[in-house]
Every structure is written in structure tokens, then in C-alpha cells.
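The sequence and structure are shown first.

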Amino acid sequence: MIWNEYIECADRQKLKEIQNRRFVKMIERMYYNVPFYRKKLQEIGLEPGDIKSIDQLKDLPFTTKQDLRDNYPFGLFTVPQSEIVRIHASSGTTGKPTVVGYTRNDIQMWSEVVARSLTMAAVTKNDIIQVAYGYGLFTGGMGLHYGAEKIGASVIPISGGNTKKQLQLMVDFGSTVIACTPSYAAFLGESIEKEGILKSDIKLKAGIFGAEPWTEEMRVQVEKLLGLKAFDIYGLSEVIGPGVSMECEHQCGSHIFEDHFIPEIIDPNTLEVLPYGELGELVFTTVTKEAMPLLRYRTRDLTRLHVERCACGRTMVRMEKCLGRSDDMLIIRGVNVFPSQVESVLLEMSETTPHYQLIVSRENNLDNLEIRVEVDDQFWSDEIKVLEGLKKKISHNISSMLGLSATIKLVEPNTIERSEGKAKRVIDNRNMK
Ligand code: DLL
């Protein structure tokens, strides 16, 4: 068990003092070592000595993914290459990957926050954890791996995919914890029966799910399929990887490890900081990272923050489940649509599975949203009337949730491609024309 009661349950004023001290040092490191940050601060007439408290964050410039790309590959590193012990990168769908470097201390800090995260899910050295996030440039596999090792749990570094083997080892080794994306967890769950495995042979007690948005309805599904308690873990490579925040047993938002990562919520249009409780874009400033500290990094993730003390005793700010990324938000005939809203509707109905896709097209200048919904085995029917009835029901539920009509296309069980990592929920054909 790894947790830091002194920090995680600290009085908020005390926490702020720690943050301030670390923040001042970080600004200095950035200013003197990274031309990009020096220029940004000089542009607003600030020198390191002028910055004394995180209360000044609101007046400092943002950093964006584009800034990371412009400084590709190592332009934002504050230490010489000889101090870098690891390099990860996020693939990105367009353009150059986003590169992240780690010093030895960064790796230690990362292992610590992941270990604290796993402790929230009651993982101990007596657990056997199957890490089914991808190992490689993606931070999921290695991130969970190091954190679990720090706790002393037995790690199975199986990486993503190879579902048959996953299930076989899960049974043979008696895995008690699984770490993977929620969409892959759903796939693993539905494969149990198909592989002829008895649910009673599976010993899982906790799932550490993240790397993509998922809903409360999805939680219920995966918990049922795998017989475990599902926890949400959040993070992004630019900030560190998984372990930026994590849900405790009370599951009322994910606690952000604020001694390392300082969150703000901004209005993505005006860029003004919003008060606790309001929905907006999450922004992070790192205060302890050595190799690649970030100043007000815009994540594009939309959520709310809450500061009231949690029943677990932790005082660190909690973030709600992400609604989605602002770049995943579809605007269809003027209406904002997040895949997670569609997921909520579909999973509230027992006839459908957690596998769906949103396909957007444009005909005669009019947007059309088609939702491909996979029907549960038990409900699939050869009778057109039955399927038509189901289609109508989904269509009605979707339009009352979204305020938008969508074309529903029911597809047979097991026809939507399963993902081993992050699920691809949206196909937008509008720009391709
Ligand atoms: O996905 C790191 C990670 C690995 C987190 C394993 C959790 C578990 P990236 O590939 O850089 O890093 O993608 C980061 O994924 O900005 C969010 O949009 C999304 N994301 C990550 N965790 C969650 C979550 C990893 N729990 C991007 N809920 C982030 C919703 C999430 N979205």
C-alpha cells in the first residue's frame, strides 16, 4: 500500500504553500532552460522573481499541443539529453507525435502517483495485476507497470490484445486486478463465455480503467461482465501518463494529485478561469516534473472540479468523469454531441451492447448522424418487426437526450470492430468530401 497521508489529506492552505514553493522553482527552471517559455514570459514582461504564488497562474500564458509540435522533438526539455532516461510519445492522428521525456526522478514521481492510484483501488502486494494497456510509446502499459511494482503487486506485463491468452492467464494465474481501457474490458468480458470459461474461475476484484471517456452506464456493464469493482484512472502523456488522478472507493470523482499537478478549469472560448463546479476545459501546470514541465497545458478534456473534502478523508480536488474531449465533440446541425451521451442512452437499454459507432456525413449541405448499434445476442431477431420496434425505441431515447434526430442502424452481435486500446467511436466523413 502506497499513499501519502500528509499530502493527500493535507489542509488546503498547507498544500498551497507546498505548491507555491514548487511552482516558483519550476518557473525558474523553465525560464532559464527553455527559450520557448522564456520568450512567452518576456512577452508579458515577467521574470522569475516576479512569480511567487499559484494565484498568479491566471495571468500566465497557456501551452498547447501545437506548441509541443512546434518544439518537436526535444525543444521543451529543461535538462540535457544525458539526464533523460525515458522517452514516450503519443501517436496523434495527424501530424507529428507529441514527445515526452522523463528524468530518473520523473519516473520515480510517476511510479509514486500510480502507486497512490492503485492504493485507492485497494491494490496491495498480495494482488496479481494483469496490465493489458499497450506497452511501448503509449504511457499506459509502462505507467501502470511501474506503479504496481512499487506497491509490490505481482505484475503480468501482457500488454493489449491477444484476448484468448488474456483470459487463459487470468484464470491460470488467478489475476485479481486488470488494467486496460474500458472498451477492451467490455470485450474481455463478453469473450469469457465464448472461450468456454466459467465466471467462477475468474478472480478479478478490481479494474483500473481509463485512457478514454466512459460513462457510469459502462461502469455497470463492465462490473457485471467481469465481476469486479471498476475504477476510473485518468492521465495524459504530456502531463506524465496515467496517474494524474484516480477514483477512491467512494467514486465521486477522481482525486488529482495536486502536489504535482495543479488543475484549473477554463472557458475554452474566453480562456477565463471558471470557479469550482463549472464545466469547462481542464488545464494543468506541473510543479515537480524535471524533464518537461508544463505551464498551463490545455488538455481539451471537458469536466468539472470539486473541492469539498471526500468521505475518504482526502482533500485533493476531485474531477468529474470527463464528458469527452472538445475535439471529439461533434457539431451536428448546430447541436453539440459527445459520444459519451450516446453511450449513456444505449447502455441504459438492456437490448444493446457497449459497442457502437457514430458516423457523420453531409448530404446537400445537411449533416446526418448515423448511430451503428450492436444488438445483444439475446435480443437479436430475424423478425423485422422486433428489430423495427427496437430501432424506434433507440431513436426516441437518442432524440430526447440529444435534441437531435439520428439514423439508427442495428447491426448483428460481434460486427463492430473491437479495440484493444482506445476505441474508435466516431467516423466523421464530412471533411473528406
Ligand atoms: O491515455 C494515459 C492513460 C493511460 C490514462 C492509461 C489512463 C490509463 P494519452 O494517450 O496521452 O494518455 O491520452 C490522453 O486520453 O487527454 C483524455 O482525453 C483521455 N483520457 C485518459 N484517461 C481518461 C479517463 C493516456 N479516465 C487523453 N477518462 C486525455 C476520460 C481519458 N478520458
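In this predicted model, the side chains of Lys16 and Asp55 form a salt bridge with an N to O distance of 2.8 Å. The two residues come from distant parts of the chain, 39 residues apart: Lys16 belongs to helix α2 (residues 12–33), whereas Asp55 lies in the loop between α3 (35–43) and α4 (65–70). Lys16 counts as partly exposed because its relative accessibility is 23%, and Asp55, at 45%, is likewise classed as partly exposed.

A second salt bridge joins the side chains of Arg296 and Glu264, at 2.9 Å from N to O. This pair also links distant parts of the chain: Arg296 sits in the loop between β11 and β12, Glu264 in strand β10, and 32 residues separate them. Arg296 is buried, with a relative accessible area of 1%. Glu264 is buried too, its relative accessible area being 8%.

Lys393 is part of helix α11 (residues 384–402), while Glu351 is in the loop between α10 (339–347) and β18 (352–363); the partners are 42 residues apart. Here Lys393 is partly exposed at 37% relative accessibility, whereas Glu351 is buried, with a relative accessible area of 13%. Elsewhere, salt bridges with shared partners connect Glu8, Glu112, Arg116, Asp259 and Arg314 into one network.

| Salt bridge | N to O distance |
|---|---|
| Lys16 and Asp55 | 2.8 Å |
| Arg296 and Glu264 | 2.9 Å |

Side chains of opposite charge can pair when their charged atoms come close.

Which strands pair with β11, and in what sense? Strand β10 (residues 261–266) pairs with β11 in the antiparallel sense over six bridges. Strand β12 (residues 297–303) also pairs with β11 in the antiparallel sense, over four bridges. Phe284 takes part in both pairings: this residue of β11 is the bridge partner of Pro263, and its own bridge partner in β12 is Tyr297. Strand β11 itself (residues 280–286) is mostly covered, with seven of its seven residues buried. In a regular strand, side chains alternate between the two faces of the sheet.

How values were computed. Residues are numbered from 1 along each chain as its sequence is written. This is a predicted model: local features need pLDDT of at least 70, side-chain atom pairs count only at pLDDT 80 or more; totals for chains, interfaces and linings use all residues. Side-chain values use heavy atoms; hydrogens and water are left out. Buried means under 20% relative accessible area, exposed over 50%, partly exposed in between (1.4 Å probe, protein chains only). Two strands pair if DSSP finds at least two bridges between them. A salt bridge is a side-chain nitrogen of Lys or Arg within 4 Å of a carboxyl oxygen of Asp or Glu.
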